[in-house]
Amino acid sequence: SGTRIVPRSEVKTISGHTFEGFGSSHDDFPYAYMTAACAVGLGEAEMNEFFVRLEKSLGDYCTKRDKEMKKKMKMKEVDVENSSNQFEELKV
C-alpha cells in the first residue's frame, strides 16, 4: 500500500483551485515517477506480493509505452510519405 504514480505535469482542479504538478512536491518536476511506502513490520509474504504487483505494473507500463511509440513512428512514416508525394507533385 502507499504506492502511486505521479505523472509529469498533472493538473487537477479541486473546489475551484488548480494544482499544477498534482501529487508531486514540485510543480515543474521534469519526470514522472512512482513512489511506494511500507510500514515497519512488513512481512515476507507482503513484500513478495508487492514485487509481484510491481513487476506486473512495470510490464503494463512497458507494453503501453511501446504501443504509443509504434503509433508515433507510424505517424512519422505517414508524414514522410505525404511530404514525398507533395514533393513529387511539385516536380511534375
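**Reading holes, rings and loops**

Tutor: Let's start with the largest cavity: its lining residues divide into five nonpolar, four polar and two charged. Here Ala, Val, Leu, Ile, Met, Phe, Trp, Tyr, Cys and Pro count as nonpolar, Asp, Glu, Lys and Arg as charged, and the others, including Gly, as polar. This is a predicted model, where local features need pLDDT of at least 70 and side-chain atom pairs count only at pLDDT 80 or more, while totals for chains, interfaces and linings use all residues. Residues are numbered from 1 along each chain as its sequence is written, and side-chain values use heavy atoms, with hydrogens and water left out.

Student: Which residues line the largest cavity?

Tutor: On a 1 Å grid over the protein atoms alone, a cavity is a set of points where a 1.4 Å probe fits but cannot get out, and lining residues have an atom within 4 Å of a point. Here they are Val6, Pro7, Arg8, Ser9, Gly21, Ser24, His26, Asp27, Phe29, Tyr31 and Tyr33. The structure holds one cavity of 30 Å³ or more, and about 50 Å³ of space lies in the largest cavity. Such a volume is the space filled by probe spheres set on the points, which are joined across faces, edges and corners.

Student: How much space lies in the second largest pocket?

Tutor: A pocket is an open set, with protein on both sides within 12 Å along at least five of seven lines. The second largest pocket holds about 250 Å³. Ile5, Pro7, Arg8, Ala32, Tyr33, Met34, Ser57, Leu58 and Tyr61 line this pocket. Strand 4 (33-35) and helix 1 (44-91) are the elements giving two or more residues to that lining, and helix 1 gives the most, with three. By kind, the pocket's lining has seven nonpolar residues, one polar and one charged.

Student: How many aromatic pairs does the structure hold?

Tutor: You describe a pair of aromatic rings by the distance of the centres and the angle of the planes. The structure holds one aromatic pair. The ring centres of Phe50 and Phe51 lie 5.5 Å apart with planes at 65°, so this pair is edge-to-face. Rings of Phe, Tyr and Trp (its six-membered ring) pair if their centres lie within 6.5 Å; planes under 30 degrees apart are stacked, over 60 edge-to-face, the rest tilted.

Student: Are Phe50 and Ser15 exposed, partly exposed or buried?

Tutor: Buried means under 20% relative accessible area, exposed over 50%, and partly exposed in between (1.4 Å probe, protein chains only). Phe50, at 28%, is partly exposed, and Phe51 is partly exposed at 43%. Ser15 is exposed, at 70%. You'll find Ser15 in the loop between strand 2 (11-14) and strand 3 (17-20), where its phi is near 50°, a positive value in a residue other than glycine.

Definitions and conventions. Helices (H or I, at least four residues) and strands (E, at least two) are DSSP runs, numbered from the N terminus.
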